[in-house]
Amino acid sequence: MKILVFSDSHGSSHPLRTALDAHRDAEAVVFLGDGAAEAWDVLADYPHLSRCILSGNCDSRLALAARGADCAEECVLDFGGKRFLCLHGHTRGVKMGMDRVLYRASEVQADVILFGHTHIPTSEYAPDPACPARRILLFNPGSVGRGYGNPYGVIHVVNGAISAGHGKAAPH
C-alpha cells in the first residue's frame, strides 16, 4: 500500500496537486493540518483515494465548516496491518520534544507517528516508552507549502514492512 503524507501547505494548493499527480498509484492520503481547507478542496478531485484530513493550529474552523468538513486534530489509522498515530503535533508539543507524542503512540500501540507542525522533514525510529525494545517510526513530511522546498512523505506498507521517504513537489 502506498500512502502520501502532507502537512503545512499554508494556503498553497499547487504542490499538493503536483505530488498527487506524480503518484497516481497511491491508495491513501493523510493531510496533517495547517492547510486542511485547501487539502479538502484539492482531494475532492481525487475521489479514488482513501483520505484523512486533520486540522492544525492555523486551520480555521469556519473555513472547514463552510466545506462541510469536520477535521479532527488526531486519529489512529490502520494501513496494511500497521497502526498509525496521525496528528498535526501542536496538541502534543512536538516543537518541545517527542515525549508526549511517544507516550500517546505507546497507549494506542502505534507503529508509526505521522506529525507536522515543525515544518522539518523527519524519518527516524525511537523506543516505545512502555517497551524500549519496540521501535516507533517518527515521520514528519515537512511543509509542502511555499518557501519550504515543498517536501511531502511517501510511505509504503508491504507484507508488514514499512518504508518511508520524502518527495519534493514542484512549486507554483
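A residue is called buried when its relative accessible area is under 20%, exposed when that area is over 50%, and partly exposed in between. The exercises below use these terms for a predicted model.

**Exercise 1. Describe the chain as a whole: what share of its residues is buried, and how does its radius of gyration compare with the globule rule?**

Step 1. Buried residues account for 51% of the 172 residues in the chain.

Step 2. List the elements. There are 4 helices and 10 strands, and from the N terminus they follow the order β-α-β-α-β-α-β-β-α-β-β-β-β-β.

Step 3. The C-alpha trace spans about 45 × 30 × 30 Å along its principal axes.

Step 4. The accessible surface comes to about 7,700 Å², and carbon and sulfur atoms hold 51% of it. Of the contacts between residues at least 6 apart in sequence, 56% join residues at least 24 apart.

**Exercise 2. Which residues of helix 2 are buried, and what do they pack against?**

Step 1. Helix 2 covers residues 36-43. Its buried residues are Ala36, Ala37, Glu38, Ala39, Val42 and Leu43.

Step 2. Draw the conclusion. Because 6 of the 8 residues are buried, helix 2 is largely enclosed by the rest of the structure.

Step 3. Name the partners. The buried residues pack against helix 1 (14-22), strand 2 (28-31), strand 3 (50-53) and helix 3 (61-66).

Step 4. Leaving aside neighbours within four places in sequence, arginine 17 is in contact with Val42, Asp45 and Tyr46. Val42 is one of the buried residues of helix 2.

Step 5. Check the accessibility and the distance. Arginine 17 has 29% relative accessibility and counts as partly exposed. Between arginine 17 and aspartate 45 there are 9.3 Å from C-alpha to C-alpha, and the two are 28 residues apart in sequence.

**Exercise 3. Which salt bridges does arginine 104 form with glutamate 74 and glutamate 107, and where do these residues lie?**

Step 1. Begin with the charges. The chain carries 16 positive and 18 negative side chains, and the centres of the two sets lie 2 Å apart. In the whole structure, 10 salt bridges are found.

Step 2. Take the pair of glutamate 74 and arginine 104, whose closest N and O atoms are 2.8 Å apart. This pair links distant parts of the chain: glutamate 74 is in strand 4 (residues 74-79) and arginine 104 is in helix 4 (residues 99-107), 30 residues apart.

Step 3. Take the second pair. Glutamate 107 and arginine 104 form a salt bridge with an N to O distance of 3.1 Å. Both lie in helix 4, 3 residues apart, about one turn of the helix.

Step 4. Apply a general rule. An α-helix has 3.6 residues a turn, so residues three or four places apart point the same way.

Step 5. Compare with the cut-offs. Glutamate 74 is partly exposed at 22%, and arginine 104 is also partly exposed at 22%. Glutamate 107, at 60%, counts as exposed.

Step 6. Join the pairs. Glu74, Arg92, Arg104 and Glu107 are linked in a network of salt bridges.

**Exercise 4. Are arginine 24 and aspartate 21, which meet in a salt bridge, buried, partly exposed or exposed?**

Step 1. The two side chains meet at 2.9 Å, N to O.

Step 2. Arginine 24 has 54% relative accessibility and counts as exposed. Aspartate 21 has a relative accessible area of 37% and is partly exposed.

**Exercise 5. Where is alanine 169, is it buried or exposed, and which residues does it touch?**

Step 1. Alanine 169 is found in the segment after strand 10 (161-168).

Step 2. Its relative accessibility is 3%, and alanine 169 therefore counts as buried.

Step 3. Not counting residues up to four places away in sequence, alanine 169 touches Pro15, Thr18, Ala19, Val144, Gly149, Asn150 and Tyr152.

Step 4. Alanine 169 and aspartate 128 are 41 residues apart in sequence and 32 Å apart in space, C-alpha to C-alpha.

How values were computed. Residues are numbered from 1 along each chain as its sequence is written. This is a predicted model: local features need pLDDT of at least 70, side-chain atom pairs count only at pLDDT 80 or more; totals for chains, interfaces and linings use all residues. Side-chain values use heavy atoms; hydrogens and water are left out. Helices (H or I, at least four residues) and strands (E, at least two) are DSSP runs, numbered from the N terminus. Buried means under 20% relative accessible area, exposed over 50%, partly exposed in between (1.4 Å probe, protein chains only). Contact means heavy atoms within 4.5 Å. Accessible areas come from the Shrake-Rupley method with a 1.4 Å probe; for residues, only the protein chains shown count as cover. Lys and Arg count as positive and Asp and Glu as negative; His and the chain ends are not counted. The place of a charge is taken as NZ of Lys, CZ of Arg, CG of Asp or CD of Glu. A salt bridge is a side-chain nitrogen of Lys or Arg within 4 Å of a carboxyl oxygen of Asp or Glu.
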